[in-house]
Amino acid sequence: MTAASRRAQILPPAWGLLLAVATLVATGANLHTLGGLGGFWPALERPASASYETVKLLYGFAPRLAVSFVAGAGLAAAGTVMQQVLRNPIASPMTLGVAAGAQLALSLLTLLAPELLTSLREPAAMLGGALALALVLALGWRRQLDPATVVLAGLVISLYLGAVNAGLLLLFQHDLNAVLIWGSGVLTQHDWRELTFLLPRLAAGLLALTLLQRPLGVMTLDDGSAHGLGLNLPRARVLSLAVAVYLTACVVSAVGVVAFIGLAAPALARLLGAWRMRQRLLWAPVLGGLLLTLADQLVQGLSGVLPGLLPTGALTALVGAPIMLWLLRGLHARTPSGQGAQFTTAPSAGRPVLGLIWLGLPLVCLLAMTVVHAPDGWLVQAPGAVLAQAPWRLPRVLSAAGAGLLLGVAGTLLQRLLHNPMASPESLGLSGGALTGVVIATFLQPGAGHPLLLGAGTLGALAVVGGLMVFAQRTGYAPERVLLVGIALKAVFDAVVGLVAVSGTPFWVALLQWISGSTYGTDWATVAGTAGAAAVVLPLAVLLARWIDLLTLGDAQAQARGLAAGTARGLLLLLAALATAAATLLVGPLSFVGLMAPHLASMLGLRRPRAQILGASGLGVGLLVLADWVGRAVLLPYELPAGLAACLIGGVYFMWLLRRL
Amino acid sequence: MKVKATFIDFALARNAGEREMPEGQIGLPAEVHPNCTVSRGGGHPLVPGAPASRERLYCCMTGIPQARVSMRRRLRTVAVALAAVLLLVPPARAGDPPRVAAITWDLTETLMALGVAPVAVANLRGYREWVVAPELPADTVDIGLRFAPSLTTLAASDPDLILTSRFLRDLPERLKPIAPVEALTIYPADGDPLARAIEVTRTLANRLDRRDAFADVTARLERQIRHLAAKVADRERPDQVYLVQFQDADHVRVYAQGSLFQSVFDRAGIENAWDGATNGWGFALIPLAQLTASADHLIVLEPVPTAAAGVLDGSPIWQALPAVRSGQVHRLPAVWGAGGVLSAIRFARLLARHVYDRR
């Protein structure tokens, strides 16, 4: 037995033990606060006469403890399977849109048939999750469920369903309070129903995974080799994914969206040395269960001290992210390599396509300025009326255009630099940083004006960029690690936003408006800001496009041609960060545009860096201007934010393109 | 016969003022206003297709004096034709209710308290479901979300005055081109929301010249609270009351310091059993199990979501709640927690009827 494999057997139990001890200590402390176990047995015999503290222990604390462990275990098992099947270290139950699908299903049920909510909650969430997965698989089917395609499809569906849900939250704020609480992952229990629901389903899921152990273990092989071993990989993938989704949907429908556990626990298990599938299927759930229990116990401890409701789902990130960041330092490219950013077989194109894109933009802007939806119908406005409304319409169109341009550039740079199709301003946590800054500013100074919010947002985004660059420099910009750090950071920011969401403050709606990317609040000062940022970012990116060409060849090749690879990558990353921050602050974190515009450009054949940057920025402009116009007009008098509308328009188009590949 | 003319500055897209004038002058744009080059009746010029308003004439100013005679003559022809149309439109009557748009629900309610029905309200569907009373006229225009009201629709509803709240940030600036804006803020209330609501109602009554209605509604409020206080005072010690609203099966909003309900409690001599922190709207979102104090009354404010109905029927933890064991549980019809004077009257009346009407 080698030293490494011995380590693999000893370390996970040791770390698991440490986690278990921490969890026990936290649980014990909370139990002590609740008055201990003294009245427990008498209460079981005669519940009617038991003291309130005892009843609370029996029907509140105890089921919550059990549910948190079981839910954590289920998410971790699902995450392990997904990471293995998709050969992607950052895949998680959330990546396939299952959580988003379940959440949307519940929102719709709440709005359409609230009287069925009690009886149909679990089936509806499961159906929503399963439909989302089916859609993801359908999109990836033509390419034999190629991991990169599936992850991309999952991400798109996730964003799409999330956007629809955010729209519903905006429009039906008061009707969806329950969905908001559930969606943030609050583990409050007042009886044993959730546990009796979860336990048998989870057991069945884990049993199925044990049976699928062997095909899961060889999934790192390519399809041909696996075929040689007599295994049908595509079928095994579908089966394993189905089980993982079943597990996720059960957990999600019972306790809501608890992020990070499904991502962190499998990664932890792997980092702690569990390499074989059997080990991972055993240790990831244990670690996941402990992780969620620990987080939940800490939340309960804090609830006594802090005002308001603390969602465990938001706080799992706060507990999990630092552990994750710390562990990532020791990760020496052991993870399977990320999939390349190559999606397309379209022939390379150049000037004609670029020309068409940029010539089309004035037409889009003209449409956005002149065609309006008035209370009694659609009409094309006369020039005089267009001029008259320009003071409040033109800034919106222009800021949407500027933000689209910036996001197109940022997205292209990030995807190129990280060789990762999932890279986008939002997945790296930059938009989250800006958001957090704004949220904190809003809380500290409720009446804060636009300039203060702008400043706070910029600081937040720059803090993330700084942290990302320090970390990335130490690890040599390995693509997966940068992305993992970004995701860890984003989870932290999501936590902050989640906290505001359930605090019950009506400011949440203003925040949601902003998060969804509304251009409603823009004025001429903001437009000037965007124009300035765009005037710096676009020429620089085009000038530096050659660096990307060189970096694509590999660092050694780039060095040989006289490019300091590390510095060049750092500078380009900084440029992308600046573009993201500027765009986010103007029209919210519209990650979909930053993700999509580069893909679209590449699909249209603009694959050289310079052409892709120019194409993506043009497409970003068109997309956001169009989105802003649709959002303003389509539901009159209710306005949908541009970012949300961008998701709704762009998402469908993108799925269609993906399907055609 | 006089007609009200509104002057719209086309270049700046804002109201440049209005005045009443004899109908005979309408055909003479240049005499009506020095810079008036185009005049037409009917819809709002900034919003083509907007429905014609009853008694108005819109005059559009370009800011550039028109010199060419031929143009002026052509315009005069158009204007004379328009004047003919205007003869068919009923003229403005003195004492017509002012056309006011309200962005927030507390101000909508305050308007209604003064006997003025708003022409436009944000999130009308939500108002009808959550504020319930007072009912708004069927032809009230919905202008969309509070944080992003549709300027197109708002302008088309043709208000003389727009009421908004300061918590909507820079929204007032954005609305000014359409009509004068009055920012009146009840929430978030630092101290006593009802006192703030009364103050806001007084300000609005002065502005709209509805001082009688203001006196009426404050008198009704005083009467209703005296009535409630008299019933409460029957008890030998102050009542301890929890006021909660279920959000889902496990969580409630508990209303306390900073809410309109607390203002009524304070005036009627009722003590709130919840002494924890609350937000700017006077409630805290908490797990049900945190209602640990014993209380005389546990009031459940409707609507109760279906998910929570089972809890009220007797979940173990609900039955064990000290307030449920020791006190009485009541259900109260919906009242808007962030409302104004009318909501306070309604709350006091419902409290007296559903909670304190013993015997």
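The expected span of a helix is 1.5 Å times one less than its number of residues. Helices here are DSSP runs of H or I, at least four residues, numbered from the N terminus.

Quick ground rules. This is a predicted model, where local features need pLDDT of at least 70, side-chain atom pairs count only at pLDDT 80 or more, and totals for chains, interfaces and linings use all residues. Residues are numbered from 1 along each chain as written, chains are lettered from A and ligands numbered from 1 in the order written, and side-chain values use heavy atoms, without hydrogens or water.

Start with α3(A), residues 52-85. Its 34 residues reach 48 Å from first C-alpha to last, close to the expected 50 Å. Still, α3(A) has a kink of about 30°, centred on L58(A). That bend is the angle between axes fitted to the seven residues ending there and the seven starting there. Of the 34 residues in α3(A), 29 are buried, meaning under 20% relative accessible area with a 1.4 Å probe, protein chains only. Just after the helix, R87(A) takes a positive phi of about 50°.

Next, S253(A). It sits in helix α11 of chain A, residues 233-255. Buried or exposed? S253(A) is buried, at 0% relative accessible area. Its side chain reaches the backbone oxygen of C250(A) at 3.0 Å.

C250(A) also turns up beside L198(A). Beyond four places in sequence, L198(A) contacts residues including V67(A), V70(A), A71(A) and C250(A); contact means heavy atoms within 4.5 Å. S253(A), with the neighbours up to four places away not counted, touches R121(A), E122(A), A125(A), W182(A) and F197(A).

Notes: Helices (H or I, at least four residues) and strands (E, at least two) are DSSP runs, numbered from the N terminus. Buried means under 20% relative accessible area, exposed over 50%, partly exposed in between (1.4 Å probe, protein chains only). A polar contact is a pair of N or O atoms within 3.5 Å; within protein, one must be able to donate a hydrogen and the other to accept it, and residues adjacent in sequence count only if both atoms are side-chain atoms.
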